[in-house]
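Welcome, and thank you for coming along.

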2 protein chains.
Amino acid sequence: MTVADDGGPARAATLTDVARMAGVSTATASKAINGRAQVRAETRARVLEAAERLSFAPNALARSLLEGRTGTVGLLTSDLEGRFSIPVLMGAEDAFGAGQVSVFLCDARGDAIREQHHLRALLSRRVDGLIVVGSRTDPRPPLGGSLPVPVVYAYAPSLHPDDMSVTTDSVDAGRLAIEHLLSCGRRRIAHVTGDIEHRAAQDRAAGARETLASHGLELVGGRAFFGSWSEGWGRAAARTLLERFDDVDGFFCGSDQIARGVLDGLREAGRDVPGDISVIGFDNWEVLAANARPQLTSVDMNLEQVGRVAAQRLFAAIDGERASGVEELPCRIVTRESTLPVA
Amino acid sequence: MTVADDGGPARAATLTDVARMAGVSTATASKAINGRAQVRAETRARVLEAAERLSFAPNALARSLLEGRTGTVGLLTSDLEGRFSIPVLMGAEDAFGAGQVSVFLCDARGDAIREQHHLRALLSRRVDGLIVVGSRTDPRPPLGGSLPVPVVYAYAPSLHPDDMSVTTDSVDAGRLAIEHLLSCGRRRIAHVTGDIEHRAAQDRAAGARETLASHGLELVGGRAFFGSWSEGWGRAAARTLLERFDDVDGFFCGSDQIARGVLDGLREAGRDVPGDISVIGFDNWEVLAANARPQLTSVDMNLEQVGRVAAQRLFAAIDGERASGVEELPCRIVTRESTLPVA
DNA sequence: AAACTGACCGAAAAGGCTTTCGGTCGAATG
DNA sequence: CATTCGACCGAAAGCCTTTTCGGTCAGTTT
């Protein structure tokens, strides 16, 4: 129940309301509600009952004003559409929500002006900290100099080395994928990936190349094949590669979409996956990977973990622990049918 | 620049800092900054310059405390994972962000306890209103009685008729899909859809049935075929239906995933889409629909619009306009290759 | 009986901002 | 010269909560 009013939604009860109903001062009501010592048990009970009947919830604004902390953080995303931001955001929301922290969500839609606008609004609301979530691993310019609160960049690291960033280890992801294919007994491995402009694509390719080199091998065709992040590119690349390199026996794909295309292309060419050829995708996008034929092994970037760690780093920074640099978290392989070891 | 401090991130400047630097009282500083009249131009300039130099941003908490309005709303989602919540959420964030409203994001993860926990936190932060975003169109129990702020339910309507809900018109979506297939000259239309437990599946099937009936037709097999929302089910259903009803010439699928499966099944059975058979999906999930072979015509639920309208309704309610009932917004067809009229 | 103790409660201040109202001062008016 | 009048500025209250500190009162102690 809430304080009766003019017929609108009842207004929220205040401590004064509770105190009046219980016949005590606001100071006493506050102490009773917050479990402070100097209140008689009977008085406390009276206050608590009043609070209960009024559905009293202390005004966090007033409390924040007093304590100098709001218990809120801003989550500034560049692009809610992209499916990479969402898991990061979920992980962060998870880490914060479990505590007593509420999260402001702001979508800048890739617009720097809008980002600054949101930044001002968040600072004016006195958030205790900020997480900036990017949609690509390419480093981004920092928010601006000398902010009054700590900032952590997630997924897309900051260009400024003094900032704190948490992202995924793309080079190592390339290594993981290749070693997985090698462990399936594959030696003629092709890498079909997306837009070469994407840092992630370059890094994974580098990781793949280095790993093969350390085994005395190289990518089929001597290089990675960059294209777009689409099924169509995967199909086309699979066909072309089969024509030019008949002995290819493994595909490391830059996304699950590309992998779906590659699988289609291989099936149409009469190749058996995972019998003749192993295929591994990237992103572990459940809808695509689990519904592929055969089901698709994929690299999972642990994006929720990226979000959670970013939240933890922000917590630490709010508590005064200075830190900086880019923290790269490892990926993991989720094995499904497309890379089953052949019996 | 911010107020110099002990070496930590500088603390945010306050109005008192600005006033001191400009050599005026806080009252005058406030009036100067907010464009009130009773300030000499020269004084105002001095204040504004001080504010600029200190990067002064008025403390929204203090202002909210005073005005009784915070300019914040809560976005309570049941499930961030599901891809239906996200667009709704984006639409709402868009509508609010354009104004001066900041959005608290809370993910209840389908847990009623957690939802209540978040609700209390939001009320304690004195949000001006709430939007509750569901992940299915099935009506849900309301948050609780007599809240001190208005609430709008989005996508998943509230069970309580006095609440305000904005959702999508699933029955009409069924009609749209069928009329589209009819306009392609199809008469033997099958409906392959997902879990019968989902209200959306039932409503769309009902819309499809009624529309066919009004044209003196009925669904192939005399009923809708319910299953799961997966590609596998789509493939299986396509095969089975082709066996039992050789003359089927149109598929209305309950999701783009199902449609992808159906397309696969038809291709493998040697049927030509859109030559022999037209296929329409549901959700207009770009990655699936645009990458299908042929590209998939699909029903778009305009979920961002649902979010935007929910935000508008909430605005109106905050401004005192009482309203209630379920508002159902229309869907739209996005035409691609899979239903091209045959030449 | 006087002084003291401890338990309990309330007045008041602080936090940052806006608004109201009263005060100051130079200029215009009678 | 005395009064009135704007223009401009500052003191103070209020929003809601928490915390500090001082006060009251019954019961103990010497």
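In which loop is B:Pro274 found? Select B:Pro274 and you will see that its place is the loop between α10 and β9 of chain B. Helices (H or I, at least four residues) and strands (E, at least two) are DSSP runs, numbered from the N terminus. Before going further, note that this is a predicted model: local features need pLDDT of at least 70, side-chain atom pairs count only at pLDDT 80 or more, and totals for chains, interfaces and linings use all residues. Residues are numbered from 1 along each chain as its sequence is written, while chains are lettered from A and ligands numbered from 1 in the order in which they are written.

**Stop 1**

Another cis bond runs from A:Arg293 to A:Pro294, with omega near -10°; A:Pro294 sits in the loop between α11 (286-290) and β10 of chain A. Most residues other than glycine have a negative phi, and most peptide bonds are trans.

Next, pick B:Asn284, in the loop between β9 and α11 (286-289) of chain B. This residue is not a glycine, yet its phi is positive, about 50°. B:Asn284 counts as buried because 22 other C-beta atoms lie within 10 Å. A residue is buried with 20 or more other C-beta atoms within 10 Å of its own, exposed with 12 or fewer, and partly exposed in between; C-beta atoms are placed from the backbone. Then try B:Arg109, in the loop between β2 and α6 of chain B. B:Arg109 also has a positive phi, about 55°, without being a glycine, and with 16 other C-beta atoms within 10 Å it is partly exposed.

**Stop 2: a buried strand**

Select residues 278-282 of chain B, which form strand β9. Five of its five residues are buried, so this strand is largely enclosed by the rest of the structure. B:Ser278, B:Ile280 and B:Phe282 point one way from β9(B), and B:Val279 and B:Gly281 point the other way. In a regular strand the side chains alternate between the two faces of the sheet.

Now show the neighbours. Strand β8 (residues 250-253) of chain B pairs with β9(B) in the parallel sense over three bridges; two strands pair if DSSP finds at least two bridges between them. B:Phe251 has B:Val279 as its bridge partner in β9(B). Trace the chain from β8(B) through helix α10 (residues 256-268) of chain B to β9(B), and you follow a right-handed β-α-β crossover. Right-handed here means that, with the strands pointing away from the viewer, the path from the first strand over the helix to the second runs clockwise. Strand β10 (residues 297-300) of chain B also runs parallel to β9(B), joined by three bridges, and B:Ser298 in β10(B) is the bridge partner of B:Gly281.

**Stop 3: where the chains meet**

Colour chains A and B separately. 45 residues of chain B are in contact with 45 residues of chain A, contact being C-beta atoms, placed from the backbone, within 7 Å. On the chain B side, β2(B) gives the largest share, six residues. Strand β2 (residues 102-107) of chain A pairs with β2(B) in the antiparallel sense over three bridges, and A:Leu105 stands opposite B:Val103.

**Stop 4: the DNA**

Show DNA strand C. Of the 25 residues around it, those that come nearest are A:Ala27, B:Leu15, B:Ala27, B:Ser30 and B:Ala62; a residue is near a strand if its C-beta atom, placed from the backbone, lies within 6 Å of it. Switch to DNA strand D, which 23 residues surround, with A:Leu15, A:Ala27, A:Ala62, B:Ala27 and B:Thr43 closest. The most, four residues, comes from α2(A).

**Last stop: the core**

Finally, select A:Ile131, A:Ala154, B:Ile131 and B:Ala154, which have the most contacts inside the largest nonpolar core, a set of 205 residues. Such a core is a set of buried Ala, Val, Leu, Ile, Met, Phe, Trp, Tyr and Cys residues joined through C-beta atoms within 7 Å. Leaving aside neighbours within four places in sequence, A:Ala154 is in contact with residues including A:Val88, A:Ile131 and A:Val306.

Definitions and conventions: Two residues are in contact if their C-beta atoms, placed from the backbone, lie within 7 Å.
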